[in-house]
Amino acid sequence: MIEIKDLHKSYKMGSNSLHVLKGINFKAEAGELVAIMGSSGSGKSTLLNILGMLDVADSGAYTLDGVPIKDLSETKAAQYRNKFLGFVFQSFNLINYKSALENVALPLYYQKVGRKERQEKALSYLDKVGLKEWATHLPSELSGGQKQRVAIARAMAAEPKVLLADEPTGALDSTTSYEVMDLIQKINDEGNTILVVTHEEDIAHMCKRIVHLKDGVIVEDKKIEQVRAEQYV
Amino acid sequence: MFNRDRWREILEVLTSNIGRTILTAFGVCWGIFILIVLLAAGKGFENGIRADFGDIATNTMFMWTRRTTKPYEGLPKDRVFEFKVSDVQAIWDNVPNLKFISPRNQLGGFRGGGNVIRGIRVGAYNVYGDYPEIINQDPMTVTSGRFINHNDIKAKRKVAVIGQGVKSELYEKGEEVLGTYIKIQGVNFMVIGTYKKKNNDGDGEEAQKEIFVPFTSFSQAFNRGEDVGWMAITAHDGSSISQLKEDIIGVMKNRHKIHPEDNRAIGYFDLYEQFNRVESLFVGLKAIAYLVGIMVLLSGIIGVSNIMLIVVKERTKEIGIRRALGEQPWSIKKQILMESIFLTIISGMTGIIFGTLVIYGINSLLDSVGPVDMFISPSVSVGVVSGALMILMVSGLLAGFIPANSAIRVRPIEALRTE
């Protein structure tokens, strides 16, 4: 599903250049649930941004579902993001003057799905994350866990090939974190490919595979026995 | 463009900080208001001046004789000469594109005071010997009876058409006018009609105190022979009298043996030239109105542009989210441009409405206090309003242009990082 080869990325900061990713090789099959771990500055967010086409690598190849991702115009990148990727952010990033339903419907709007169909689809995804009753509420009226669930519903609404979650539980307490992870596990059970960036051990162990990043290189890549989040909820 | 969701979003954005939106809108509103009011005031002034010209055919010149100032063909300078009736035909024959040539004679005015008597009443009026065509060049409304006709000319009938002012001075109120006689310098003329002129300038009263008699009867009664006092010449609408003027005067110089370079022998007044001078004043006024209006509008537009920039800045993160979710850059740009155009047009419309109300108010004020000199019914045409709307549309587009570009210049990853 995802394949990257010898990925390099450096940031220029004044006269110094900061080499963040130093040759990453990585492959994820369809249906995997991968945790990308590492301390801050290890390059894990940069990697996720490149995977999410929000940033471009200096060198290296990136293939997503057989499509080579390179030299994208902004328009093309927007199109690919919309079609291939779902994003879940640490700070939820819901649009605060739009209701939960409208937030979820947004990616569908960009896919030019008709108004009625869009609303129905969005509502069914809200139902899936258990927030059907909250459809008309604004993000400010929701709790952190609820917000993240809306964000996950939004990410799933476009039926992406890969779900990218950047510290999805970073702003949540542990109980809500487990709820969110439970949701992510269930989505994964349906066969969706998910990448989770985290620095929390327990969250990482709820995935099926852990990739350790340190100073811009992968130091460890292992399959693990998945811990189900259900039991903590 | 007519997408329900997009419009909902535009309204959401603009109403989210309603106070700021209104303040911004005020700038544009004020600009277009000034533009409309200035144009209307200019139009009112123009209407006033035009009314002063009355219905006079403006493509007209008046021509009269003076003394020659150069000797020519053995004739001395300072020679007195007169136009003749035959000159009229000569002009017709030699100068094309003329509509009317009216030879005129006059008693009173600058050629001596006329003396009109009826019974025990006496008045001094301008008395004109005219052809029927003069009514097209110096329009008047015949209020009773009829105007001079060609049979009067042929038969040299001693008939007269008198103005309302003459009537009110020589007759009792309600007295029958038609068929009565008035004595003009000792000669009796029968009154066959009365007229009223629509002039609005200072000569208004004077214009109602004129007496028109057939040209031929005038010449006979007052001993003018073949002489013509002056001429009123009107050109066809397609050609201007100012251009034909030289030809006409050339013909006259030739016929009266005047030195071709003697420019003072024939006096003339070119109404069209005067009218054009006033016309160019109107053009100037309009230009100033547009200039001032658009300048004021411009500052309003800059205000809109500024606010749009701030809005974009505030929404940087939101734009980042949208782009991460797959919104096309062009779609974002379009959104911001439409917000800007929408805001500009709505506030501009408000300005137009306010301007129209003010003009309406001024008009009803003018109606209630009576006519004001040189200012009649200020107004703006539909053309001007639609022009203003076009200006608004373009300026809205311009105002949104920079903010829209700055919105998509930020890369989504940076936009997402801003708090």
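## Chain B at a glance

Helices here are DSSP runs of H or I with at least four residues, and strands are runs of E with at least two. By that count, chain B of this predicted model has 14 helices and 14 strands.

Now for the overall dimensions. Chain B has a radius of gyration of 34 Å, whereas a compact globule of 419 residues would come in near 22 Å. Along the principal axes, its C-alpha atoms fill a box of roughly 105 × 60 × 30 Å. Of the 419 residues, 37% are buried. If you take the contacts between residues at least 6 apart in sequence, 82% of them join residues at least 24 apart.

## Helix α13

Helix α13 of chain B covers residues 382-409, and its length checks out: at 1.5 Å a residue, its 28 residues should span 40 Å, which agrees with the 40 Å between its end C-alpha atoms. There's still a bend along the way, with a kink of about 35 degrees at B:F401, shortly before the proline B:P403.

That proline is also one of the buried residues of α13(B), a list that includes B:A388, B:I391, B:L392, B:S395, B:A399 and B:A404. An α-helix has 3.6 residues a turn, so residues three or four places apart point the same way. The cover over the buried residues of α13(B) includes α2 (18-53), α10 (271-314), α11 (316-324) and α12 (329-369) of chain B.

## Where chain B meets chain A

On the chain B side, 17 residues are in contact with 18 residues of chain A. The elements giving two or more residues to that side are α1 (4-16), α11, α12 and α14 (412-417) of chain B. Sorted by type, the chain B residues there are eight nonpolar, three polar and six charged.

Conventions: Residues numbered from 1 in each chain as written. Chains lettered and ligands numbered in written order. Predicted model: local features only at pLDDT ≥ 70, side-chain atom pairs only at ≥ 80, totals over all residues. Expected span 1.5 Å × (residues − 1). Bend = angle between axes of the 7 residues up to and from the residue. Buried ≥ 20, exposed ≤ 12 C-beta atoms within 10 Å, placed from the backbone. Contact = placed C-beta atoms within 7 Å. Nonpolar A, V, L, I, M, F, W, Y, C, P; charged D, E, K, R; others polar. Rg over C-alpha atoms; globule rule 2.2 N^0.38 Å.
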